[in-house]
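Please read each point alongside the coordinates.

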Amino acid sequence: MVSSRLPTKPDFEALAASAPASADRRTLILALIGNLVSSWTNNESLFIYVLMLLLRTDQASAALTFATLNTTRARLDLIQRLAKITIRDPNLEKALSKIIERFNESTHVRNEFNHCMYIVDASGQITHTQSMRIVQTKDSLRFGEMKPMDEARLKSMVKATKDMTRINRDIWDFLPRLESHLGSAKPSP
């Protein structure tokens, strides 16, 4: 008989029996992940209004343009390029760049939890995440990094959600400034 290279199949009955004891912590972790994803999505969606103002169009047309671009990177690239040809106030353009930079940092956190495997111990406790990214160095190629779901990690998730909340408020504060600027700015030739 050939030995398998696959991991050992979990004892699902034992997991189901012991899972209630770890339910509170698992629920906390899943709620933190949900908060991260929800906050990030709300922030990404606000860029529709930035696009609407930069394109000098209506919300439906901006949303259609936004949705047609199939990656966040493409959407933000379009916004940054439009800003370069549309915004005439260097401070306003710098403010938008800073918001986008902070949003991109939050994207790394969101991706970390959206694109990973969750490692569970025999009691159903989420103990680690394993990144789905391939890590290539000069000498090796390995499957994603494993990180513990310890208290420090949970605190970092709370901090990341608070950071995303600040980004959200900053985008809302930025929008009227952009609208005012574009209302008084002459379109580029």
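A charge counts as sitting over a ring if NZ of Lys or CZ of Arg is within 6 Å of the ring centre and within 35 degrees of the ring normal. Arginine 75 lies over the face of phenylalanine 66 in this sense, at 4.5 Å from the ring centre. The model is predicted, and the points below should be read with that in mind.

**Aromatic rings and charges**

- Arginine 110 lies over the face of tryptophan 40, at 4.0 Å from the ring centre, and Trp40 in turn belongs to a cluster in which ring pairs link it with Phe47 and Phe103.
- A search of the whole structure finds three aromatic pairs; in one of them, the rings of phenylalanine 47 and phenylalanine 103 have centres 5.2 Å apart and planes at 70 degrees, and because an angle over 60 counts as edge-to-face, the pair is edge-to-face.
- Since phenylalanine 47 lies in helix α2 (residues 23–55) and phenylalanine 103 in helix α5, this pair ties together parts that are 56 residues apart in sequence.
- Phenylalanine 47 is buried, with a relative accessible area of 1%, and phenylalanine 103 is likewise buried, at 0%.
- The rings of tyrosine 49 and tryptophan 172 have centres 6.1 Å apart and planes at 40 degrees, so this pair is tilted; it links tyrosine 49 in helix α2 to tryptophan 172 in helix α6, 123 residues apart.
- Tyrosine 49 is partly exposed at 26% relative accessibility, and tryptophan 172 is also partly exposed, at 46%.

**The sheet and its packing**

- Three strands form an open sheet in the order β1-β2-β5, with antiparallel pairing; β1 (116–120) and β5 (146–148) stand at the edges with a single partner strand each, so one side of each has no neighbour in the sheet.
- Neighbouring strands of this sheet are turned by 25 degrees against each other on average, direction ignored.
- Helix α5 (residues 90–114) packs on the sheet, where it touches β1, β2 and β5, and its direction makes about 55 degrees with that of β1.
- Strand β2 (residues 126–131) is joined to β5 by three bridges, and threonine 129 stands opposite lysine 147 in β5.

**Two buried polar residues**

- Glutamine 130, in strand β2, counts as buried at 14% relative accessibility, and a polar atom of its side chain lies 3.4 Å from the backbone oxygen of glycine 144.
- Arginine 153, in helix α6 (residues 151–184), counts as buried at 7% relative accessibility, and its side chain is joined to that of glutamate 112 by a polar contact of 2.5 Å.
- Among the residues that arginine 153 touches are Phe113, Thr129 and Lys147.

How values were computed
Residues are numbered from 1 along each chain as its sequence is written. This is a predicted model: local features need pLDDT of at least 70, side-chain atom pairs count only at pLDDT 80 or more; totals for chains, interfaces and linings use all residues. Side-chain values use heavy atoms; hydrogens and water are left out. Helices (H or I, at least four residues) and strands (E, at least two) are DSSP runs, numbered from the N terminus. Buried means under 20% relative accessible area, exposed over 50%, partly exposed in between (1.4 Å probe, protein chains only). A polar contact is a pair of N or O atoms within 3.5 Å; within protein, one must be able to donate a hydrogen and the other to accept it, and residues adjacent in sequence count only if both atoms are side-chain atoms. Contact means heavy atoms within 4.5 Å. Two strands pair if DSSP finds at least two bridges between them. Axes are lines fitted to C-alpha atoms, for helices over the stretch in contact, and angles run from 0 to 180 degrees between N-to-C directions. Rings of Phe, Tyr and Trp (its six-membered ring) pair if their centres lie within 6.5 Å; planes under 30 degrees apart count as stacked, over 60 as edge-to-face and the rest as tilted. Lists of a residue's contacts leave out its neighbours within four places in sequence.
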